[in-house]
Amino acid sequence: MARTTRSAVLAAAAAVSVALTALTGCGAADMTRQASPYADAKGSRTVTLSVQSWVGAQANVAVAQYLLEHELGYRVDTVQIDEVPAWDALSQGRVDAILEDWGHPEQEKRYIDEKATIERGGDLGVTGHIGWFVPTYFAEQHPDVTDWKNLNKYADQLRTAESGGKGQLLDGSPSYVTNDKALVKNLDLDYQVVFAGSEAAQITQIKQFAKEKKPFLSYWYKPQWLFERVPMTEVKLPAYEEGCDTDPQKVACAYPHTPLQKFLNARFAAGGGDAAAFLKKFRWTTEMQNDVALMIAEEKLSPQEAAARWAKKNEATWREWLPS
Amino acid sequence: MTTTVTPATPDSTTTATTTTAPTPPTDTGPGVLRTLTRHRGRLIVACAAVALVLGWALLGAGNWPASLSVDLSGPLERTSDWIIDNRDGHPLFLYFLGHVSNVVVISVRAVYLVLLALGWAGVTAAAALLAWRVAGVRLALTSVAAFVVCGLLGMWVPTMQTLALMVVAVAASVLLGGLLGLAAGLSDRMHRILRPVLDTMQVLPAFAYLLPVVLVFGIGVPAAVLATVVYAAPPMARLTALGLRDADAGVVEASTSLGATGRQRLLTARLPLARKELLLGVNQSIMMALGMAVIASVIGAGGLGDRVYQALASVDVGAALAAGVPIVLLAVVLDRVTAAAGQRIGEAPADRSRLRWALAALVTAVVAVGARLLDRLSWPDAWTVDIAEPVNAAVDWMTAHLYSGVPLVGGTADWAGHFTTWVLNPLRDGLQWLPWWAVLLTVGALALLIGTWRTAATAVLAMAAIGVLGVWDPALDTLSQVLAAVTVTLLLGFALGVAAARSTRLGRALRPVLDVFQTMPQFVYLIPVVALFGVGRAPAAAAAVVYALPAVVRITAQGVRAVDPAALESARSMGATGRQQLLQVQLPLARPALLLAVNQGVVLVLAVVVIGGLVGGGALGYDAVFGLAQGDLATGLVAGAAIVCLGLMLDRVTQPTVRRDLTGKGA
């Protein structure tokens, strides 16, 4: 019995392998060359862009997609992925480009320097900055809250049921870069970091606080459309110096200002033709990105509609991105 | 009603299977033993109390000792590095996994192209005719309505992408599950080996294994399909095994006596006899697969799930709902059609059955070709209705008016605050304050009171494994949230269930609402729960209650309704009031159903822990999400394993021993 079972298993395994090979062509199957089954459904050239969960990233992609489709005749697929898995997907060729990266030194070392499967695509033109923010209406009542040294004084007012006896520092998505737990500890602050778990949850909570003019302290970042709806003032942390954040346990300084970067799959960068050339040249400003982001997030336009509106008004800007 | 208990939360899932042996008969042993058995409950409590005192004296208080835990982060990191470094060159990937991945892509693409080629008219016609042949005119009309709504919502293409993915994933699940079920149905040893494997496959939170799947296959459809199969194959395997095992012994014996070989017996007697279970298995697989549609979008599956997920990024409930509704509609149509197919099995086929099938195929072809000739393949953009705006307006109004300052009752934010301060915090602090060995002892004693020695051992071992994994504290935090959410779910669920059982009209009105809650992707109500309850553990509990409530209501209602009418009648004739009837007859007699409801409530609440992590629930749920977002196998996988252990423990502790009689599917 045992032997028949084993030989049956072996036979089945062999049959499966043969069938798989027959179905997909002979020989080795390259894991780095697999397109989406939905791509090229109408026989067109397709570019796949990765979208991260924040609206700024959606805005980049929407505009790039609009121009690729309407000016260059490509079909664009978008895939929403978190930042770190996006690097992995980029190296495998599942996506062709990341348009906005906030700095992932480990991934850069592995995929650009060691494996050479990813190539730099240059600056996006937007500078990102992470920080701690309080609503401006609160900062105006208590101007000294904007210095971290005075934060402990306000812990009582910033308490919530979730933060227990301490003040609440609201953090967001698990995919975002954060040193907040270490900062609270190393700066000896009477605060509890509460992770909202997703940006959607964090924004919803901030809006609810703002509606009632309640004070809050939150991890947040620029550029971000929410500033237009809920004006926020940054809390000064000990100044950032090169290398002060290398040891994640000992961080006691502010977050840096990061010129956001684009990255392309190496094979796409070399053989992607007009699309690759266009994505390398794509470069705009914070204000422009916010324009589009606000249309998406607040006016609830579809990203495509928002991109179309922006493109109509800013032809001079995007003409320069097109390959000559 | 039949199998509609099931959308996404089948009573056969997770655990319905691990039936325990009944307590040993009490009337055979000698006198002392008999007395002991009779007072088993009290005895266990007494022993536990003694052990508690002893433990305090010998072991002292404190958390799980560091010396008893194992740090897996090193090996797990090395594994993930190895995969990334070898993925493009190692033979395992080149000659096996790569082909698996290609086959998935090719099959999904093939189905998708066929659907596109049929055009919207063709697909709708095919669905309607199929429903008509299998289930009658009413369901045919429902299918047409469902597909038209998908188009109207502007979701035609994503719906087709999801459908293509579902077809392939369900086919693979049915195939794999069927094979496993066949093995388990024919061999007792396989049955025993497979049971814990299937348990684990289903309790394991999808988020935890998305990460390894992504590491191996990369972002995209292959990973999504495989993750879905892991989740959707177990019900098929269980029901297949059950069908084979329960096949009427008389018939099987008759075919043996006619000299049939093993294979003939299987093909001519046992499999045909198990048709009902097999179809129910297909039905369950479809429901589970649809439940994964949105979660799989996190790793780039595309389709409807991706639309829901992207809508979340711009905090747009309306858009998320517009993509969520087609998922619900697909679930309803597929569920009703497969259920109807299951019911009709065994009926004599109609005379002109073949003719009608041919007619159906012909009409589909004509419609598809007609649409192609008229160049109407894709859904016309003009025929769409925007529901996002009104929905968002409604959500805004609701949250603006309920969040705080409601006269007398206070706002939802206040409730959430009180719930956190007065229920969640004490519960969490209490559990974390308990010495680790006392927790193990309590778990063991509870499991022993309800189940057997074996269930108690499993429960204790599962709990100990959490300590060994080094996540004792967050696990107890999660446990406190689960317990609180389950309590609320049961209070609401029992009340609603009893009410629905006593009033047919209410029961009928509740049914579609429950359907929607069970199949609507949980991501859709992430934002509303935060808008109502703020960020934290309270909204996580709310999301869990919404998800687990339908199953509890259904099982309760069914149990109360099924109470022997003779017993009720005799109570009535003795002059019992409605209240007395309920408390003294219906509820006691429905006890097995209520116990099952408790068990399902626990398991389902736990299934939403990860979703809770997305709204501030923290603890294990957050760790699982964090692991996926940061590509951190060590955090994500350990958290996932701990959730599995919690699930096993809770299931064993709440496992009613009579379940087999109740559901009749203890595969």
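Visitor: Why is Arg572(B) called partly exposed?
Guide: This is a predicted model, and in it Arg572(B) has 42% relative accessibility. Buried means under 20% and exposed means over 50%, so at 42% Arg572(B) counts as partly exposed.

Visitor: And what makes Glu569(B) partly exposed?
Guide: Its relative accessible area is 43%.

Visitor: What makes the pair Arg572(B) and Glu569(B) a salt bridge?
Guide: The N to O distance between the side chains is 3.3 Å. The rule asks for within 4 Å, so the pair passes. Both residues sit in helix α24 of chain B, three residues apart, about one turn of the helix.

Visitor: Why is the pair Arg319(A) and Glu71(A) called a salt bridge?
Guide: Here the closest N and O atoms are 3.9 Å apart; the cut-off is 4 Å, so this one counts too. The pair links distant parts of the chain, 248 residues apart: Arg319(A) is in helix α13 of chain A, Glu71(A) in the loop between α2 and β2.

Visitor: How do you know that Arg283(A) and Asp123(A) tie together separate parts of the chain?
Guide: Their side chains meet in a salt bridge at 3.7 Å, N to O. Arg283(A) lies in the loop between α10 and α11 of chain A and Asp123(A) in strand β4, so the pair ties together parts 160 residues apart in sequence.

Visitor: How many salt bridges does the rule give over all chains?
Guide: The count comes to 22.

Key. Residues numbered from 1 in each chain as written. Chains lettered and ligands numbered in written order. Predicted model: local features only at pLDDT ≥ 70, side-chain atom pairs only at ≥ 80, totals over all residues. Heavy atoms only, no water. Helix = DSSP H or I, 4+ residues; strand = E, 2+ residues; numbered from the N terminus. Buried < 20%, exposed > 50% of the residue type's maximum accessible area, 1.4 Å probe, protein only.
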